[in-house]
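Hi,

Here is the model I promised to pass on. Have a look, and my notes follow below.

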Amino acid sequence: MSELLDNPDFFLLDQELSPEDIALRDRVRRYGAEHVLPVINEYWEKAEHPVPAFDELANLGVVGSFIEGYGCPGLSRLAAGVVARELARADGSVNTFLGVHSSLCMGSIYMLGDEEQRQRWLPVMARLEKTGAFALTEPTHGSDSVSLETSARRDGDHWVLNGHKRWIGNGHAADVIVLYARDEADGQVKAFVVEKNEDGTYPDGYRPEVIAGKIGKRAINQADIVIENLRVPAENRLPGCESFKGVNKVLKATRGGASWEAVGHGMAAFEIAAKYSLEREQFGLPIANYQLVQEKLATMLSDLTSMQLLCTRMAHLAETDQLTDAMASMVKMTTSRKALAMCRTARDMLAGNGLLLEYHIGRHLTDMEVVSTYEGTDSMQALIVGREITGISSFTRTRR
């Protein structure tokens, strides 16, 4: 049986990894096989957080991602991408939890907070003794999150926040939530850390509700959060965020995570389809013998390889601070479209069995529907690339 069925790396890109990164890859891969896959379908179907899978997550040396110090690993962009790839290869919800907690929430504190704030929150979060969330998106502001309406008003030694957040991963359970709101005094976006009370409850005015009925990413819950006269201590404002530029600083540093996740889903789709084709018999032969099946597998591997090449190059450009918004958008657009197509092809090859959780592909397919939407839909990514090509912005016109 071809080695590609267990490690689809047709252009040998993992040869560029250092021995330390190879060890990290294998550690995360084992974690997925031993701690995620045995339990994930049960929790996915119940739409519950797979708590047993997280017992070992803190020991992998990945929490905190690119952050240096404070108990964090200080991973390179390439190593961080490989972590996202391998986690998503097992399950997208687990990868999303880590991305929200580690890159977005901890990353906001690291890049926008002062030293006292970093010391207060980052070490305990690196040990997963406290979990985090990143509250930016609102019910009417997704692609145009720069227009967020949640407000903040200074009142003595507190800030008073009012507004509404939606699609906030782990926002119903996190101990530490970085929440972005617009300062009424100057109209600029500021960042605030909302903490649970000592008894584990949320402060008055923070009212999260789990969004029910999702068809994807079911093993991580997203919250709809009503914020009403929520009082946040002044020392919980992150001083490095004085405008939406602060948000962009965080998003730029974490850019690419969704693309690497798409690669992980694509790898899983290829592996599932290829192995199934050798096991499933029709008309007296394994379906791998048929030309249509081999053409589909060859196309999937070609698409996967192009995704891997794009993400590897993206990591190198990010490491040398050469990655532009348009470059990152092209990678996100391409990987999300190709990985979604791969998952659909794999589901089709498995026919009726592809509808069953035990074969895993249905979970990857619906998770890829989510990846295609969050961190910028593929349509928005295309418009960013289009702006780079033409010099014309097609999504910031003044409303008539």
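Is Tyr 180 buried or exposed? Tyr 180 is buried, at 0% relative accessibility (buried means under 20% relative accessible area, exposed over 50%, partly exposed in between, with a 1.4 Å probe and protein chains only).

Before the rest, some housekeeping. This is a predicted model, where local features need pLDDT of at least 70 and side-chain atom pairs count only at pLDDT 80 or more, while totals for chains, interfaces and linings use all residues. Residues are numbered from 1 along each chain as its sequence is written, and side-chain values use heavy atoms, without hydrogens and water.

Now the rings: searching the whole structure turns up seven aromatic pairs (Phe, Tyr and Trp rings, the six-membered one for Trp, with centres within 6.5 Å; planes under 30 degrees apart are stacked, over 60 edge-to-face, the rest tilted). One of them is Tyr 70 with Tyr 110, edge-to-face at 6.2 Å centre to centre and 75 degrees between the planes. Those two are 40 residues apart, with Tyr 110 in helix α3 (residues 92-112) and Tyr 70 in the loop between β1 (68-69) and β2 (72-73) (helices are DSSP runs of H or I, at least four residues, and strands of E, at least two, numbered from the N terminus). Tyr 70 is buried at 19%, whereas Tyr 110 is partly exposed at 23%.

Phe 134 and Tyr 180 are also edge-to-face, because their planes are at 65 degrees, with centres 5.3 Å apart. Phe 134 is buried too, at 9% relative accessibility.

Cheers
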